[in-house]
Amino acid sequence: MSFSLYDATVQTFHQILSSTEVVLAKGKEHYQKAGGNADEVLDVQLIEDMLPFRFQVISVAHHSLGALKGATSGEFGPPQVAQLDYSGLQGLIQESLRGLDEFSKDSVNGLEGRRVTFKMGGMEIPFNAEDFLLSFSLPNFYFHATTTYDILRMKGVQLGKRDFLGRLRIDR
């Protein structure tokens, strides 16, 4: 079986971005049914030393579509944190899903061996593209998607593991 960088990244990003889209929709519905506003969750943190919900969702987009763009350009840094409202965060996830379509199998697989530098302040961490995507962005992607899910669960949104997993790539 041949397994490619595209299979490991784009397909995985698509699966979890799609599930994050569903999780966010359920979150919005929860707040609407409760007579509240989903924007109430934007600054919620799991614990005081963790960044809030807004940052978590932005980071899901940043470590998927943003990571592919960074691997293509050769440079990646922390996300720019816009003051998006809940609907804006939903739009960002939808935009990221659409953006994945810009990356063909050949373009992603062609990134192998290319240099990518993570820059944050004065710190620079060199990677090759496949190690950047698989050992840095993919774990961060899952971390932030999980934290997004966890914050909404903590706030009472009825979510289950299947919501997080999304559509599995089963053998048909």
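Reader: What covers the buried residues of helix 2?

Author: Burial is judged by relative accessible area: buried means under 20%, exposed over 50%, and partly exposed in between, with a 1.4 Å probe and protein chains only. Helices (H or I, at least four residues) and strands (E, at least two) are DSSP runs, numbered from the N terminus. Contact means heavy atoms within 4.5 Å. Here the cover of the buried residues of helix 2 includes helix 1 (5–33), helix 3 (65–73), strand 1 (75–76), helix 4 (86–100) and helix 6 (129–154). This is a predicted model, in which local features need pLDDT of at least 70 and side-chain atom pairs count only at pLDDT 80 or more, while totals for chains, interfaces and linings use all residues. Residues are numbered from 1 along each chain as its sequence is written, and side-chain values use heavy atoms, with hydrogens and water left out.

Reader: Why is helix 2 said to be largely enclosed by the rest of the structure?

Author: Ten of the ten residues of helix 2 (residues 53–62) are buried, so the rest of the structure largely encloses this helix. Among them are Phe53, Arg54, Gln56 and His62.

Reader: How does one read the packing of helix 2 against helix 4?

Author: Axes are lines fitted to C-alpha atoms, for helices over the stretch in contact, and angles run from 0 to 180 degrees between N-to-C directions. Angles under 35 degrees count as roughly parallel, over 145 as roughly antiparallel, 65 to 115 as roughly perpendicular and the rest as oblique. The axes of helix 2 and helix 4 lie 9 Å apart, at an angle of about 15 degrees. Helix 2 is therefore roughly parallel to helix 4. A crossing is left-handed if the near helix is turned anticlockwise from the far one by less than a right angle, and right-handed if clockwise; helix 2 passes helix 4 in a left-handed crossing.

Reader: Which residues of helix 2 and helix 4 meet?

Author: Phe53, Arg54, Val57, Ile58, Val60 and Ala61 in helix 2 meet Tyr86, Leu89, Leu92, Ile93 and Ser96 in helix 4. For classes, Ala, Val, Leu, Ile, Met, Phe, Trp, Tyr, Cys and Pro count as nonpolar, Asp, Glu, Lys and Arg as charged, and the others, Gly among them, as polar. The contact of helix 2 with helix 4 holds nine nonpolar residues, one polar and one charged.

Reader: Are helix 3 and helix 6 roughly parallel or roughly antiparallel to each other?

Author: Their axes come within 10 Å and cross at roughly 155 degrees, and helix 3 and helix 6 are therefore roughly antiparallel. The crossing of helix 3 and helix 6 is right-handed. Ala67, Leu68 and Ala71 of helix 3 make the contact with Ala129, Phe132, Leu133 and Ser137 of helix 6. By class, this contact has six nonpolar, one polar and no charged residues.

Reader: What does Thr148 touch?

Author: Thr148 lies in helix 6 and is buried, with a relative accessible area of 1%. Leaving aside residues up to four places away in sequence, Thr148 touches Leu24, Phe53, Gln56, Val57 and Val60. The C-alpha atoms of Thr148 and Val23 are separated by 8.5 Å, although the two are 125 residues apart along the chain.

Reader: What is the order of the strands in the sheet?

Author: Strands of a sheet pair through backbone hydrogen bonds, either parallel or antiparallel. Two strands pair if DSSP finds at least two bridges between them. This open sheet of three strands has the order 1-2-3, with mixed pairing. Strand 1 and strand 3 (123–128) are the edge strands, each pairing on one side only. Strand 1 runs parallel to strand 2 (residues 115–120), joined by two bridges, and Glu75 stands opposite Thr117 in strand 2. Strand 2 and strand 3 pair in the antiparallel sense over six bridges; Lys119 has Glu124 in strand 3 as its bridge partner.
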